[in-house]
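Biologist: I've got a model open on my screen and I'd like to learn how to read it. Can you walk me through it?

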Amino acid sequence: DAVLNIATNPTCTRTFSQHSHATTGEFDLEYKLSDNTNVYAKYARGYRQGSVNPRGVGFLVTFGQEQVDLYEAGLKTNWRGAMPGYFNVSVFTNEFADQQLQLSYIGRGSPTSGICACGTSTIQGFEMDGSISPFKGFNFSGALAYLDTDLKTFDYPAVGPAGFPTPVVDAN
């Protein structure tokens, strides 16, 4: 729970609150193909709590929680011998719901910004890394990662702060 009291003068107090809760967890499956090779699959659910933004105006004062579902699968290997080394690779997808997005307004008066829990997106990609040691004292290592991000929806709040125009947003 986040609660904030703002006293603008001795006789005026504004109180804001935001409550967040979620069940999170992780489920893993692993299979050892050999002494040096392991494959795995994983599902996890996480969340980021909502909060209060004391500098926000109107609907930007509080914002709700964000949720993410993670799916991942991969391979991990290592070997010994004349040229010891390792190689790891994973592919993943992150599905965000009620994603916390930063909104900014430039209008009459001072510019303002805040956070809303108003988007959905998918982030997917892969990662790989490896190393090989062709002779004692020398290692050759490398890593590569790729991300593909897609903001699927942006549910812009219907009412903007007083004195600020409501922007037109194209989520495509």
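Modeller: Happy to. Keep in mind that this is a predicted model. Let's begin with a pair of facing residues: V39 stands opposite L75 in β7.

Biologist: Which strands does that part of the fold join, and which way do they run?

Modeller: The general idea is that strands of a sheet pair through backbone hydrogen bonds, either parallel or antiparallel. In this model, β4 (residues 37-48) and β7 (residues 66-79) run antiparallel, and twelve bridges join them.

Biologist: What is the order of the strands in the open sheet?

Modeller: Read across, the six strands go β3-β4-β7-β8-β9-β10, and the pairing is antiparallel. At the edges you'll find β3 (25-34) and β10 (138-154), each of which pairs on one side only. From one strand to the next, the twist averages 15°.

Biologist: Now for the inside. Which residues make up the largest nonpolar core?

Modeller: In soluble globular proteins, nonpolar side chains tend to be buried together. Here the largest such core has eight residues: L60, L101, L103, Y105, C116, C118, F154 and Y156. Strands β8 (85-105) and β9 (112-135) supply at least two residues each, and β8 gives the largest share, with three.

Biologist: If I click on L101, what does it touch?

Modeller: Leaving out residues up to four places away in sequence, L101 touches G114, I115, C116, C118, G119, L151 and F154. Three of those partners, C116, C118 and F154, are core members too.

Biologist: I see two cysteines in that list. How many disulfides does the model have, and which residues are joined?

Modeller: The count comes to one disulfide. It joins C116 to C118, with an S to S distance of 1.8 Å. Both C116 and C118 are buried.

How values were computed. Residues numbered from 1 in each chain as written. Predicted model: local features only at pLDDT ≥ 70, side-chain atom pairs only at ≥ 80, totals over all residues. Heavy atoms only, no water. Pairing = 2+ DSSP bridges. Helix = DSSP H or I, 4+ residues; strand = E, 2+ residues; numbered from the N terminus. Axes fitted to C-alpha atoms, helices over the stretch in contact; angles between N-to-C directions. Core = buried A, V, L, I, M, F, W, Y, C linked by side-chain atoms within 4.5 Å. Buried < 20%, exposed > 50% of the residue type's maximum accessible area, 1.4 Å probe, protein only. Contact = heavy atoms within 4.5 Å. Disulfide = S-S within 2.5 Å.
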